[in-house]
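Hi there,

Here is the structure I promised to pass on to you. Have a look at it first, and then read my notes below.

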Amino acid sequence: MSFNLEALGVWTEQKHFTVERERIAAYAAATNDPIAEHRAGDLAPPVFAVVPAFDSSAEAVLAVAPPELLMMLVHGEQDFFYYRPITPGLELVTRSAPLGVRQTSAGVVVAVKSETRTADGDLVNEQWMSTFFRGAQDEQSAGEQAPPHALDEALRAEAPVGEAKQHVDEDQTVRYAEPSGDHNPIHLDPDFARAVGLPGIINHGLCTMAFASHAVIGVAEADPRNLERLAVRFARPVLPGQDISTRVWATAGSRGGSQGFAFETSSDADQVVIKDGLALFRKP
């Protein structure tokens with residue numbers, strides 16, 4: 001069950017995606033998005049960027065990973081770099097490539113990079129997806145890994161600039177599956193989820209990330225159009241019906257003058273579910 005290292009650096013064929021107002025609105029509704037433009041379908045939420053890239057990034061993972069391990073896959077990290085907003089009517093093309101494989105003590109991480117552009121070739125966003133194969137061992141590390149975004153531990157000594165509390169609905173995973181295109185049974189079938197070692201169905205990691213993005217945008221009082229980067233590490237699964245809380249700290253931003261925020265999300269079980277959160281906004 002070795003990973004196919006020869007596939008590293010090989011880009012997929014372009015995948016085409018037409019942005020529809022109804023799809024944006026459905027995604028916003030499925031993530032309990034409070035932002036009016038998102039709910040109306042006029043502006044795609046930040047995490048919606050994964051939808052046009054979903055098939056392409058999955059193809060890149062499948063090029064490397066042994067099929068026998070696919071049901072042991074969980075989402076490890078996600079990192080978006082934004083260059084322009086996604087709005088209704090855009091024709092997008094995305095390609096992806098697996099760029100790195102890394103052995104850890106608990107399994108293997110596969111890093112995939114995706115690029116989404118307009119039909120004219122303008123870059124819309126880049127994203128890194130790190131997938132984690134639980135229990136995989138004896139693999140050689142190779143290639144490139146996703147950029148770092150670790151939370152500065154010194155921030156914990158400072159008071160957060162704000163905190164947002166949210167509730168994950170009992171039917172959240174069912175509602176999220178269709179507009180996101182992610183029908184993985186670990187999010188929909190309790191028996192299947194338990195069979196692969198989970199406590200039951202778990203919320204999609206990207207749905208939890210979407211919740212955290214709402215929290216950060218609200219605390220920062222920022223325009224989502226100004227978001228430059230949004231990155232998280234998925235630390236533990238969130239269960240339907242749980243309450244979550246996101247704490248947000250101000251950071252130095254970037255050398256380009258961005259306004260920076262670090263964040264961390266915890267569940268009502270007193271467990272950190274999102275670590276190393278980072279959001280960078282262009283200054284108005």
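Predicted model: local features only at pLDDT ≥ 70, side-chain atom pairs only at ≥ 80, totals over all residues.

**What I found**

Let me start with Glu221, which is exposed because its relative accessible area is 73%. Here exposed means over 50% relative accessible area, buried means under 20%, and partly exposed is in between, with a 1.4 Å probe and protein chains only.

Residues are numbered from 1 along each chain as its sequence is written, and side-chain values use heavy atoms, with hydrogens and water left out.

**Two positive phi angles**

Back to Glu221: this residue sits in the loop between H6 and S8. Helices (H or I, at least four residues) and strands (E, at least two) are DSSP runs, numbered from the N terminus. Although Glu221 is not a glycine, its phi is positive, about 50 degrees. Most residues other than glycine have a negative phi. Asp276 also has a positive phi, near 55 degrees, and is a residue other than glycine. You will find Asp276 in strand S11 (residues 272-281), where it counts as buried at 17% relative accessibility.

**Salt bridges**

How many salt bridges does a search of the whole structure find? The search gives 15. A salt bridge is a side-chain nitrogen of Lys or Arg within 4 Å of a carboxyl oxygen of Asp or Glu. Side chains of opposite charge can pair when their charged atoms come close.

Here are some to look up:

- Asp42 and Arg21 form a salt bridge through their side chains, at 2.3 Å from N to O. The pair links distant parts of the chain, 21 residues apart: Arg21 is in helix H1 (residues 21-30), and Asp42 is in the loop between helix H2 (36-40) and helix H3 (50-64). Asp42 is partly exposed at 38%, and Arg21 is partly exposed at 38% too.
- Glu37 pairs with Arg225, with the closest N and O atoms 2.4 Å apart.
- Glu115 and Arg95 are joined by a salt bridge whose closest N and O atoms are 3.2 Å apart. Glu115 belongs to strand S4 (residues 107-118) and Arg95 to strand S3, 20 residues apart. Is Glu115 buried or partly exposed? Glu115 is buried, with a relative accessible area of 11%, while Arg95 is partly exposed at 31%.

Salt bridges that share partners also join Glu153, Arg156, Arg247 and Glu264 into one network.

**A buried glutamine**

Gln172 is located in helix H4 (residues 172-180). Gln172 counts as buried because its relative accessibility is 0%. Which backbone oxygen does the side chain of Gln172 reach? That oxygen belongs to Ala30, at 2.7 Å.

Enjoy exploring, and write back with any questions!

How values were computed
Polar contact = N/O pair within 3.5 Å; in protein donor to acceptor, adjacent residues only side chain to side chain.
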